[in-house]
Each structure stands twice: as structure tokens, then as C-alpha cells.
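Trainee: Please take me through one part of this model in detail. After that, show me how the parts around the rest of the chain are placed.

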Amino acid sequence: MIDLSRIGSLLAQRPEGHCLPQALYNDAEVFDFDMTAIYGTSWLMAGFECELPKAGSYISQMVGKWPVLIVKGRDGEIRAFHNTCRHRGSILCAAGSGSAPKIVCPYHRWTYELDGSLLSAMRMEEGFDKAAHSLRPIQLERVAGCLFICFDDNPPPFNEFALRLEEYLAPHDLANAKLAFESTITEYANWKLVMENGRECYHCATGHPELAKTFPVGMKKHFDVDGDLRVQTFHEQMAAVGLATEAIEGDWWQLARFLLNPEVVSLSMDGKHLVKKLMCDRNGGDIGSMRLAIDPHSFLHATADHTFMFSAMPVGPHETAVTGKWLVHKDAVEGVDYSVEDLADLWTRTNLQDKELAENNQLGVNSPGYVPGPYSQEAEMLALRFTDWYCDTSAKYVEKHGR
């Protein structure tokens, strides 16, 4: 049983504009709270429609300690389920992806249709009600080729986000994409430290020298124009080809299209396109980067030639699984139109650099000398926004359930 009064007390100790008290970064009870109050109530980006190309295709993944199964049905619908058999709870599909005509439990062979209904349960008593033992569903939404899930029966409002994401991301044609590469690394740091690090570029000029060649790491608050003629010209060029650029946000999401560094058309080691077959060829493939960020766990960058998604899933108080996915046009041929090694190079380097930074951060936070410090209002405004969101969401949960 989580002591919600203690969680509320820890939240109240945080000075405004500062990072979190120590226990919110390293306490086992807080980790359990985060899974229930944050990951258990938020929209999570689960992947892409192109990962499920045919009926029977599935994605099996972990959200913390919770197994999730996403399946494409024969009717073309994509559904999400708790990946746990309705018999004695065994997981149905091991982590990863694949394809199967039916969902079969490896333990006692209970068999489910792709829509989650129970088809067969051998040696059960006469009168056993199969209809009462379908897989338990998880809410799922599809937008612009992306898949979002929520465990809560009353999830945060989704419609405005869906409309704006469609506007910003649809031109990148993810419906005609394919997954070119996927990797997962383990960062031995609390998920909030991983996400704070991923929400700011205060550290990027020195921490990510390769990324800094193409990403505008010094841009004030990342996306402010502030009268910069080059940026203003970019906005005008994008408007002329029908691409939205304004930095907009809701409670748990942010969208923007921003200009890359001079003479740069992609987030790559040399600033050039990594894929010959473009996903969006407007303005000759010079369209900056479309950035999506959702709290609590993910961001995405879509350039003309490829799309990169980052996802941070908690494993324990001091452990986070960081998954990267790289999408290219479905007709792009590996070894001809792109190289997987080149495609993954920049973000792999960046993620490994961030792993070291986040793990060092965790070690320092664990010190008895740690005291929450202030964020830079300019360079860390998105990290501050994330932490404010976390505290607000947590406090609302404590107020609602702690009575």
C-alpha cells in the first residue's frame, strides 16, 4: 500500500522552479507510485502502425513491470491487451514482435482470436463461459501512423492532441514507412532523470558534440524566433509548402517544427539526408525537424528522410529502458538507399552519451549532500515544464485517491 500522504509531503518540499527532492528520484515506494499515478494514467506512445503490417502481426512490450500486447486483427483494427492469460496469468507473447494466426498461451494452450476473444480452453468444465474470459483490453488510439495506449479507463483528453499531431506529422507519411532499426539500452538512473536530461540542451554543446553539428543546441528556449531573420524565413518557406511550424502544447504534449543548423537538412552526422527515398519531399527535402514530445516518456523527430522515436520505460527506481526506433520510407532499400549503421549513428552516440550523463546524475542525487537546484529558465525551460507536469499530475492523484 503506497503512503500517499508521504508522497504528497515530498511533492510539497520541492521549491518552485527547482528539481525534485532526493526521494522522488531514488525511493522504491515512489517508483511504485510513479507506475500507478503517472504511467498508469497517461497516454503512452507504443510504436507505429507500420510495425503491424498484416493480420496477426503483434508487438509485445513492457511498461515497467506490466506486459502489453498490441495486435492487428483480420478486420484491420489494431487493439491493445494486457499480455496476461485469463487462465492463470502467464504472459502470452514474449517481448518483441512477430506474427501468428491466433494468440496461444504457452502454458496451458488457451487460445484467443486476434480480437482478444477466447476461442479454446481445453479440459474446462461443462458450462465454462468462454465469453467471460476474453483478454482484458487497453485503450488504444491511432494518429498519423502512431500508436498510443492508456491503462486508465478515464484517460486524459486526446482529441485536440490527435487533431494537431495529424496536422504536423501527416506530411511525413508514416503510413508508408517501415521500421528500419530498433535498439534498447539500459540506463541505471531514475526515469525522471532520464527524461529531464532528454528535455533540455543546456548540456548539448559539450555533452553531444556530434548532435550539436546539426541540432540548434543554442536556440533560446529551443523554439523561440526572437526576430531571427533566418528562422523567420524558414517559417515563411514552410507555410508556403503547407507545413505547420508554430510551437504549440497541451497539458501533456508539445509540437513544433524548427530550423536546423545552416546547410543542414537532416539530423545526421554530416547534416545530409541519410535516406535517398524521402518521406516528405516538400521544399526539396529541406523542412527542418518536426518535434513531438509527450509526457511522461517520449519524444520524436521527423525530418524529410527519416523519423526517430525515443521512449523511456521505468524498470526500477534506478533503472530505465531507453528504446530508439528509426523509420524510413517503405520503398527505401537497405544497402542501396540507406545504411542502417549510418542511419542509427547519431542518435546511438547521443543516447550513449546521455546514459553516462544520467547515471552520473543519479550517483550525485544519491549523495547526502544533494539539495534540489534551480533550473535555467532559458536553457532548461522544457525540463522545468516536465517536472512541473510531473508534480501537478502527482499532486492531483494524491488529492483524488488519498482521502
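Which residue caps the N-terminal end of H5, and how far does its side-chain oxygen lie from the backbone nitrogen of Lys 192?

Mentor: The model is predicted: local features need pLDDT of at least 70, side-chain atom pairs count only at pLDDT 80 or more, and totals for chains, interfaces and linings use all residues. Residues are numbered from 1 along each chain as its sequence is written, and side-chain values use heavy atoms, with hydrogens and water left out.

The cap is Asn 190, with a side-chain oxygen 2.9 Å from the backbone nitrogen of Lys 192. Helices (H or I, at least four residues) and strands (E, at least two) are DSSP runs, numbered from the N terminus. H5 covers residues 191-198, and seven of its eight residues are buried, so the rest of the structure largely encloses it. Buried means under 20% relative accessible area, exposed over 50%, and partly exposed in between (1.4 Å probe, protein chains only). The buried residues of H5 are Trp 191, Lys 192, Leu 193, Val 194, Met 195, Glu 196 and Asn 197.

Next, a helix pair. The axes of H3 (residues 28-39) and H9 (residues 381-401) come within 10 Å and cross at roughly 85°. Axes are lines fitted to C-alpha atoms, for helices over the stretch in contact, and angles run from 0 to 180 degrees between N-to-C directions. This makes H3 roughly perpendicular to H9; under 35 degrees counts as roughly parallel, over 145 as roughly antiparallel, 65 to 115 as roughly perpendicular and the rest as oblique. Contact means heavy atoms within 4.5 Å. On the H3 side the residues include Phe 33 and Ile 38, and on the H9 side Trp 389 and Tyr 397 are among them. The residues of this contact divide into eight nonpolar, three polar and one charged. Here Ala, Val, Leu, Ile, Met, Phe, Trp, Tyr, Cys and Pro count as nonpolar, Asp, Glu, Lys and Arg as charged, and the others, Gly among them, as polar.

Some loops have backbone angles to note. Most residues other than glycine have a negative phi, and most peptide bonds are trans. Asp 173, in the loop between H4 (159-169) and E11 (177-187), has a positive phi near 55° and counts as partly exposed at 26% relative accessibility. Asn 283, in the loop between E13 (253-258) and E14, also has a positive phi, of about 55°, and is partly exposed at 31%. The peptide bond from Asp 295 to Pro 296 is cis, with omega near 25°; Pro 296 lies in the loop between E14 (289-294) and E15 (298-302).

Two further loop residues are buried. Ala 244 lies between H7 (229-240) and E12 (248-249), and its relative accessible area is 15%. Tyr 168 is 76 residues from Ala 244 in sequence, yet their C-alpha atoms are 5.8 Å apart. Beyond neighbours within four places in sequence, Ala 244 is in contact with Glu 167, Tyr 168 and Arg 257. Thr 214, in the loop between H6 (204-207) and H7, is buried at 1%.

Definitions and conventions
A polar contact is a pair of N or O atoms within 3.5 Å; within protein, one must be able to donate a hydrogen and the other to accept it, and residues adjacent in sequence count only if both atoms are side-chain atoms.
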